[in-house]
Every structure is written in C-alpha cells, then in structure tokens.
Amino acid sequence: MIQPIRALLAPADATGCNYYRLSLPYGAMQRAGAAVVHSGIEADVREYSHMVIQRPSGVEITNQLQQLARVQCSTAIVVEQDDDLDNLSPSNPAYAVYTPDALKRLHQNYEVANLITTTNEYLAEEISQWTDAPIAILPNYVDGMIETIVHQPTEHWTIGWSGSASHLEDVQWSSKAISRYLRQSGSLLHLIGIPEFAKEYAR
C-alpha cells in the first residue's frame with residue numbers, strides 16, 4: 001500500500017490562486033487517502049514529506065527555504081508558481097509587490113526547490129532559466145461537483161466572467177465588443193471578483 005504524502009501547504013494568499021492550485025487539489029488528495037495535509041502558520045517542517053510554497057519571494061520565507069536546503073532535510077521543497085511574475089504589467093496590483101529584490105529572492109528559491117509546479121509550458125520555460133529542478137505542468141481544474149449544479153432557465157443568455165484585479169487589461173481589451181453584444185442581444189453580464197470592473201462595460 002502506498003503511504004500518503006504529508007504535505008505542509010504555504011499559500012500566497014486566500015484568493016483563487018490558493019483555491020485552485022492548493023486547496024482544491026490537495027483537498028481531493030486528502031479525501032482519497034493520498035495525502036495528509038496541513039495548512040497553517042505554526043508547524044515543524046521536519047514532520048512533513050513535502051513543503052509546498054506558493055510564489056515564495058518574501059525575506060522570511062526565503063531565509064527559511066535557503067536554510068532548509070542547506071541542512072539537507074528530507075522534506076522536499078515544492079514551489080508552486082502560477083503567474084509570470086517577471087513580466088507583470090504595471091496595471092497589475094502585484095507589480096508593486098514583486099520588486100527586483102523580491103524577484104531575486106524568488107529565483108533563489110527556484111534554485112533550491114526539489115520540484116516546481118506550474119500551469120503551462122510557457123511558464124515552465126520561463127522558470128527553467130533559474131533552476132535545474134524538474135518542472136511539472138499541472139493545469140487548473142474545477143471541482144467536479146460543479147457538474148451537479150442545476151441551472152434555472154432564463155429568458156436571456158448570461159455571459160459570466162470571474163477573475164482578480166490582475167485582469168484589468170483583459171477586461172479593457174474585451175469590454176467594447178462584449179458591451180456591444182449585450183446591447184444588441186439583451187443578454188446579461190454576471191461578474192464575479194471585482195465589482196469595479198463593471199464600469200468598463202458601461203462605456
């Protein structure tokens with residue numbers, strides 16, 4: 001019988017990135033008996049087989065990871081990276097966070113990782129500039145329970161959009177065509193995430 005991994009999760013935030021990249025997949029593994037998962041502030045990393053850290057660029061987490069690599073602890077360091085942080089647009093709120101110093105620390109943590117997980121081939125190629133660690137491409141998935149949701153029929157089509165503040169340029173790029181379609185068809189628009197984006201569709 002295969003022993004479940006013991007995974008210590010260190011999410012970067014409490015938004016969709018944490019949900020889709022850590023909470024959802026590792027929660028599924030835990031329910032299937034393939035993992036024992038802990039996500040919290042206080043933990044002894046030596047008690048876990050894997051430490052999964054999302055976008056590690058802070059001073060404290062970098063010091064911890066670099067020390068963990070030096071002592072050759074048996075805990076595997078897994079860096080989860082789902083964004084191209086080296087090429088952020090100034091319109092992205094994260095642009096001010098990932099300064100040159102923060103990116104340098106991120107690259108240092110790539111170097112000591114035992115494994116890096118990311119979402120697509122482009123990001124895998126970008127990340128490979130700073131590490132020899134294996135890079136696993138794990139696409140985003142949604143909870144299978146979504147298929148059980150019963151949709152109530154409505155008189156009009158509804159266009160849905162969800163995302164974080166990092167997608168302002170996406171909205172600006174598409175809003176003109178979508179606004180025209182809404183006016184012509186009488187369809188509805190359902191935004192999830194950033195209410196302020198609604199004004200982009202009112203133009």
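Start with the largest pocket, which has a volume of about 1000 Å³ in this predicted model. Select Cys17, Asp83, Ser164, Ser166 and His167: among the 35 residues that line the largest pocket, these lie nearest its centre.

Next, colour helix H1 (16-31) and helix H5 (168-185), the elements that give two or more residues to the lining of the largest pocket. H1 gives the most, with four residues. Colouring the lining of the largest pocket by residue class gives twelve nonpolar, 15 polar and eight charged residues.

Now move to the cavity. The structure holds one cavity of 30 Å³ or more, and about 50 Å³ of space lies in the largest cavity. To see its lining, select Gln81, Asp83, Asp84, Leu85, Asp86, Tyr110, Leu123, Glu126, Ile127 and Trp130. Helix H4 (residues 121-127) supplies the largest share of this lining, three residues. By class, the lining of the largest cavity has five nonpolar residues, one polar and four charged.

Select Met51 and Ile77, which touch the most other members of the largest nonpolar core, a set of 19 residues. Strand E3 (50-54), helix H2 (59-70), strand E4 (76-80) and helix H3 (100-112) are the elements that give two or more residues to this core. Centre the view on Met51 and, leaving aside neighbours within four places in sequence, show its contacts: Leu8, Val45, Ile61, Leu65, Leu68, Thr75, Ala76, Ile77 and Val78. Then select Leu9, Leu22, Tyr26 and Val78, which are included in a second, separate core of six residues.

Technical notes. Residues are numbered from 1 along each chain as its sequence is written. This is a predicted model: local features need pLDDT of at least 70, side-chain atom pairs count only at pLDDT 80 or more; totals for chains, interfaces and linings use all residues. Side-chain values use heavy atoms; hydrogens and water are left out. On a 1 Å grid over the protein atoms alone, a cavity is a set of points where a 1.4 Å probe fits but cannot get out, and a pocket is an open set with protein on both sides within 12 Å along at least five of seven lines; lining residues have an atom within 4 Å of a point. Grid points are joined across faces, edges and corners, and a volume is the space filled by probe spheres set on the points. Ala, Val, Leu, Ile, Met, Phe, Trp, Tyr, Cys and Pro count as nonpolar, Asp, Glu, Lys and Arg as charged, and the others, Gly among them, as polar. A nonpolar core is a set of buried Ala, Val, Leu, Ile, Met, Phe, Trp, Tyr and Cys residues joined through side-chain atoms within 4.5 Å. Buried means under 20% relative accessible area, exposed over 50%, partly exposed in between (1.4 Å probe, protein chains only). Contact means heavy atoms within 4.5 Å.
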